[in-house]
Amino acid sequence: MNLLSLEDVGVTLLDAPLFAGVTLGIDEGERIGFLGANGAGKSTFLKVLQGVVEPDTGTVARNRDLTLSALEQHPAFAPGTTLREFCFHGSPAGRVPAEDGPVLDRFRSLCSELGLLDPAAPVDTLSGGMLRKASIARCLARDARFLTLDEPTNHLDLDTIEWLEARLRRHAGGFVMVTHDRWFLDAACTAIMEI
């Protein structure tokens with residue numbers, strides 16, 4: 001089943017094309033890794049897939065039943081935000097309803113697996129690795145059919161990288177991932193593209 005399709009998509013930045021002429025279909029089960037130099041437009045491309053950035057040219061068609069979750073490279077949060085608030089309510093995909101038991105159960109399970117044991121901990125006191133783990137829990141808990149992952153292995157220890165690889169390989173939907181970690185791309189993705 002097709003999750004989303006891009007037809008002749010382009011984004012211009014400062015009167016110069018960041019990327020242009022991108023035509024791509026992403027089907028369920030496809031796990032795509034994107035490579036490219038810094039500043040080539042990888043993160044912007046993920047935002048086009050998410051619908052956060054509208055392309056300057058071309059069209060993006062999303063399956064009407066598509067659910068999407070994003071792992072941002074630099075997640076934003078207000079000072080004093082607790083881990084619970086960050087994970088349960090701070091996702092780019094929107095607020096998690098308090099009554100949504102399955103999502104909350106997945107959050108709790110993922111946080112436990114990732115060693116995030118204090119829901120009252122202020123996010124701004126977490127190390128880079130623990131903040132990355134919290135972002136991963138927030139992304140995966142929604143059980144979305146399509147994921148966008150921006151530098152998912154940044155600040156992670158080897159055990160957590162292996163845990164994440166196994167989770168992503170079991171993901172039934174599709175994803176597009178940007179990372180400089182070639183080993184992780186080879187291990188987790190079914191296709192690798194360059195931008």
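**Aromatic cluster, sheet and salt bridges of the predicted model**

Phe 19, Phe 34 and Phe 45 are joined by ring pairs into a cluster. The structure is a predicted model, in which local features require pLDDT of at least 70 and side-chain atom pairs count only at pLDDT 80 or more, while totals for chains, interfaces and linings use all residues. Residues are numbered from 1 along each chain as its sequence is written, and side-chain values use heavy atoms, with hydrogens and water left out.

In total, 3 aromatic pairs are present (rings of Phe, Tyr and Trp, the last by its six-membered ring, with centres within 6.5 Å; planes under 30 degrees apart count as stacked, over 60 as edge-to-face and the rest as tilted). One of these, between Phe 34 and Phe 45, is stacked, with 4.8 Å from centre to centre and 25 degrees between the planes. Phe 34 belongs to strand 3 (residues 31-35) and Phe 45 to helix 1, so the pair ties together parts that are 11 residues apart in sequence. Helices (H or I, at least four residues) and strands (E, at least two) are DSSP runs numbered from the N terminus. Phe 34 is buried, at 6% relative accessible area, and Phe 45 is likewise buried, at 1% (buried means under 20% relative accessible area, exposed over 50%, and partly exposed in between, with a 1.4 Å probe and protein chains only).

The pair formed by Phe 77 and Phe 86 is edge-to-face, because the ring centres lie 6.0 Å apart and the planes stand at 90 degrees. Phe 77 is partly exposed, with a relative accessible area of 30%, whereas Phe 86 is buried at 1%. Phe 86 also has a charged neighbour: Arg 138 lies over the face of its ring, at 3.9 Å from the ring centre (a charge sits over a ring if NZ of Lys or CZ of Arg is within 6 Å of the ring centre and within 35 degrees of the ring normal).

An open sheet of 3 strands was identified, with the order 2-1-4 and antiparallel pairing; two strands pair if DSSP finds at least two bridges between them. Strand 2 (16-27) and strand 4 (57-62) are the edge strands, each with a single partner, so one side of each lacks a neighbour in the sheet. From one strand to the next, the twist averages 15 degrees. Strand 1 (residues 2-13) pairs with strand 4 in the antiparallel sense over 5 bridges, and Gly 10 stands opposite Thr 57 in strand 4. Helix 1 (residues 42-50) packs on the sheet and touches strand 1, strand 2 and strand 4, contact being defined as heavy atoms within 4.5 Å. The direction of helix 1 makes about 50 degrees with that of strand 2; axes are lines fitted to C-alpha atoms, for helices over the stretch in contact, and angles run from 0 to 180 degrees between N-to-C directions.

Two residues other than glycine have a positive phi near 55 degrees, namely Asp 8 and Leu 14. Asp 8 lies in strand 1 and is partly exposed, with a relative accessible area of 44%. Leu 14 is located in the loop between strand 1 and strand 2 and counts as exposed, at 79% relative accessibility.

The model holds 6 salt bridges (a side-chain nitrogen of Lys or Arg within 4 Å of a carboxyl oxygen of Asp or Glu). Among them, Arg 167 and Glu 113 meet at 3.6 Å, N to O. This pair links distant parts of the chain, with Arg 167 in helix 5 (residues 158-170) and Glu 113 in helix 3 (residues 101-113), 54 residues apart. Arg 167 is partly exposed at 26% relative accessibility, and Glu 113 is partly exposed at 41%.

A salt bridge also joins Asp 157 to Lys 133, the closest N and O atoms being 3.7 Å apart. Here the linked parts are the loop between strand 6 (146-150) and helix 5, which holds Asp 157, and helix 4 (residues 128-140), which holds Lys 133; the two residues are 24 residues apart. Asp 157 is partly exposed, at 36% relative accessibility, whereas Lys 133 is buried at 12%.

Within helix 5, Arg 169 and Glu 165 are 4 residues apart and therefore separated by about one helical turn. The closest N and O atoms of their salt bridge are 3.8 Å apart. Arg 169 is partly exposed at 45% relative accessibility, while Glu 165 is buried at 14%.
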